[in-house]
Amino acid sequence: MATGKIIAAALLAATSIPATAGVLAIGSSNARLCYEAAESMIAPTVRAMAECNAAVTDAGLSRRDLVASYVNRGILRLRRGQTEAAIADFDAATRLDPREAEAYQNKGAALIRLNNAREALPLFTMALERDPHRPALAHLGRGIASEALGDVQAAYRDYRRAAELEPNSEDAQMELARFQVTPR
C-alpha cells in the first residue's frame with residue numbers, strides 16, 4: 001500500500017519551488033526506490049529511472065503502488081526535461097486512480113512548463129478538490145496559471161492562500177511581494 005505526498009515538481013520551471021516529490025511506497029521494492037528518487041533533491045540518475053521503469057512493469061505491485069510509481073516516474077522525467085513523457089505518466093496514474101490529487105497537480109505543473117496555462121488551470125482546481133498533501137502548491141500553481149491568463153485577482157487570491165497554508169513558503173511570499181493592493 002502506498003501513502004504519502006507529492007509536491008508539484010514541475011512548478012520548478014515557473015518558480016523557484018524545489019523539485020522534491022514522492023508518493024510513498026511501502027517495502028523495499030522498486031516502487032520504494034522510485035519514491036526515494038522522486039523525494040530527493042538530486043537530479044535523477046539512470047539507475048533511479050531504471051528503478052521506476054521496473055516498478056511500473058512489476059506485475060506484483062499493488063494498484064496504489066503502481067499509481068504512486070507512475071507519479072514518481074513522471075516527476076523524475078520532468079526533472080530530466082522529458083515533459084511529454086512526464087505528462088503521459090501523470091495521465092496513466094489518473095486512469096488507474098482518478099482521485100489521485102498529486103497526479104493532477106503535477107500534470108498542471110508540467111503544462112505550466114509547456115506554457116499551457118489554459119489547460120493547467122483546471123488541473124490545479126481538480127487537485128484541490130481531491131485534497132492534495134500540499135494544497136499550498138496547488139494554490140501556487142493555480143495562481144501562476146491564472147496570472148498567465150490575465151486574471152490577476154484570482155492569482156493574488158491563490159498566492160495569498162498558499163502563503164496562509166504555508167507561511168514559511170518563500171515562493172508564495174515572493175509572488176505576493178510583486179502585488180500592490182489598493183482600495184477602490
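**Salt bridges and a pocket**

Tutor: The structure holds 15 salt bridges. Please keep in mind that this is a predicted model.

Student: Why can side chains pair like that at all?
Tutor: Side chains of opposite charge can pair when their charged atoms come close.

Student: Which residue forms a salt bridge with Arg-64?
Tutor: Its partner is Glu-100, and the closest N and O atoms are 2.5 Å apart. The pair links distant parts of the chain, 36 residues apart. Arg-64 lies in helix 3 (residues 63-79), whereas Glu-100 sits in the loop between helix 4 (83-96) and helix 5 (101-113).

Student: Is Glu-100 buried or exposed?
Tutor: Glu-100 has 3% relative accessibility, so it counts as buried, the limit being under 20%. Arg-64, in contrast, is partly exposed, with a relative accessible area of 24%.

Student: What about Arg-73, which residue does it pair with?
Tutor: Arg-73 forms a salt bridge with Asp-89, with 2.7 Å between the closest N and O atoms. This pair also links distant parts of the chain: Arg-73 is in helix 3 and Asp-89 in helix 4, 16 residues apart.

Student: And how accessible are Arg-73 and Asp-89?
Tutor: Arg-73 counts as buried at 10% relative accessibility. Asp-89 is buried as well, with a relative accessible area of 2%.

Student: Which residues are joined into one network by shared partners?
Tutor: Arg-64, Asp-97, Arg-99 and Glu-100 are joined in this way, through salt bridges that share partners.

Student: Let us change topic. How much space lies in the largest pocket?
Tutor: The largest pocket holds about 170 Å³ of space.

Student: Which residues line the largest pocket?
Tutor: The lining consists of Val-152, Gln-153, Tyr-156, Phe-179, Gln-180, Val-181, Thr-182 and Arg-184.

Student: How do the lining residues divide by type?
Tutor: The lining of the largest pocket has 4 nonpolar residues, 3 polar and 1 charged.

Definitions and conventions:
Residues are numbered from 1 along each chain as its sequence is written. This is a predicted model: local features need pLDDT of at least 70, side-chain atom pairs count only at pLDDT 80 or more; totals for chains, interfaces and linings use all residues. Side-chain values use heavy atoms; hydrogens and water are left out. On a 1 Å grid over the protein atoms alone, a cavity is a set of points where a 1.4 Å probe fits but cannot get out, and a pocket is an open set with protein on both sides within 12 Å along at least five of seven lines; lining residues have an atom within 4 Å of a point. Grid points are joined across faces, edges and corners, and a volume is the space filled by probe spheres set on the points. Ala, Val, Leu, Ile, Met, Phe, Trp, Tyr, Cys and Pro count as nonpolar, Asp, Glu, Lys and Arg as charged, and the others, Gly among them, as polar. A salt bridge is a side-chain nitrogen of Lys or Arg within 4 Å of a carboxyl oxygen of Asp or Glu. Helices (H or I, at least four residues) and strands (E, at least two) are DSSP runs, numbered from the N terminus. Buried means under 20% relative accessible area, exposed over 50%, partly exposed in between (1.4 Å probe, protein chains only).
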